[in-house]
Amino acid sequence: MEEEKKELPKKRWFGRGIYGSKDVPIRILDGLIAFLIVLTVALTAVFAINGGYVVSFDTDGGEAIESQKLRHGSFVEDPGTPMKAGYEFEGWFYGPDLENPWYFDINKVSEDVTLTARWTPAKVTVRFDLDGGIWSEADQEKMSAGTAAGADSLEVTFGENYGVLPVPVKEGAVFDGWRYSGQNITEDTKVTVNGEHLLTAQWK
């Protein structure tokens, strides 16, 4: 009896699983997906390397500075020293606690970053118009020595209180405090003038 020939199973070149309803060879589908993944990664890398990073500047109340868009590995252009009334610029810092200084000739861009200005309250020179009075014995030596700005001057810190102020004397009059621009100035008055200014003695 002639042995019956068994029919060999045909190779499956078409869809299985998620491709079950697609009349497309599996190898082509797998290759297409792999190509799309590689293309996505490549485009992401090209975008990042060729200008995808933004450097922003937070002046913390100072004058605004425009952001810069830079390529990976580029140096940030130094925007110069910003201005903020009553404060001296200390530098640009970054990081969670702004503990890292940014060096424009060393640091390079590798991601989006915000550089924040750090400020120190400015020292302000105060001069005095005694309006005919003289310094008391208690203050004469200190006020004669003065500060780096010269005699009869004090140095105070912007944003802080004036602190203890000298007291002049005048024959036939009683000292009634210091005034500046119509305002009484005492040791508890906060310094809001961001430059050298003159306090005038008041008498009664």
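Is Asp131 buried, partly exposed or exposed, and what is its relative accessibility? At 40% relative accessibility, Asp131 counts as partly exposed. The legends below refer to a predicted model.

**View 1. Asp131 in the loop between β6 and β7.** The loop that holds Asp131 runs between β6 (123-129) and β7 (134-135). Phi of Asp131 is near 50°, a positive value in a residue other than glycine. Asp131 is partly exposed because its relative accessibility of 40% falls between the limits of 20% and 50%.

**View 2. Leu98 in the loop between β3 and β4.** Leu98 has a positive phi, near 55°, and is not a glycine. With 30% relative accessibility, Leu98 counts as partly exposed.

**View 3. A nonpolar surface patch.** Leu32, Phe35, Leu36 and Leu39 make up the patch, and together they have about 380 Å² of accessible area. Leu36 belongs to helix α1, which spans residues 26-49. The relative accessible area of Leu36 is 44%, so Leu36 is partly exposed.

**View 4. The salt bridge between Lys84 and Asp60.** The whole structure contains five salt bridges, and one of them joins the side chains of Lys84 and Asp60, at 4.0 Å from N to O. This pair links distant parts of the chain, 24 residues apart: Lys84 is in the loop between β2 (68-70) and β3, and Asp60 is in the loop between β1 (53-58) and β2. Asp60 is partly exposed, at a relative accessible area of 44%.

**View 5. The salt bridge between Glu196 and Arg127.** The closest N and O atoms of Glu196 and Arg127 are 2.9 Å apart. Glu196 is exposed, with a relative accessible area of 52%, whereas Arg127 is partly exposed, with 26%.

**View 6. The salt bridge between Asp139 and Lys142 in helix α2.** The two side chains, of Asp139 and Lys142, meet at 3.9 Å from N to O. About one helical turn separates Asp139 from Lys142, because they are three residues apart in helix α2 (residues 137-145). Asp139 is buried, with a relative accessible area of 11%. Lys142, by contrast, counts as partly exposed at 41% relative accessibility.

Key:
Residues are numbered from 1 along each chain as its sequence is written. This is a predicted model: local features need pLDDT of at least 70, side-chain atom pairs count only at pLDDT 80 or more; totals for chains, interfaces and linings use all residues. Side-chain values use heavy atoms; hydrogens and water are left out. Helices (H or I, at least four residues) and strands (E, at least two) are DSSP runs, numbered from the N terminus. Buried means under 20% relative accessible area, exposed over 50%, partly exposed in between (1.4 Å probe, protein chains only). Patches are made of residues with over 30% relative accessible area and no salt bridge: like charges are joined within 9 Å, nonpolar side chains (Val, Leu, Ile, Met, Phe, Trp, Tyr) within 5 Å. Accessible areas come from the Shrake-Rupley method with a 1.4 Å probe; for residues, only the protein chains shown count as cover.
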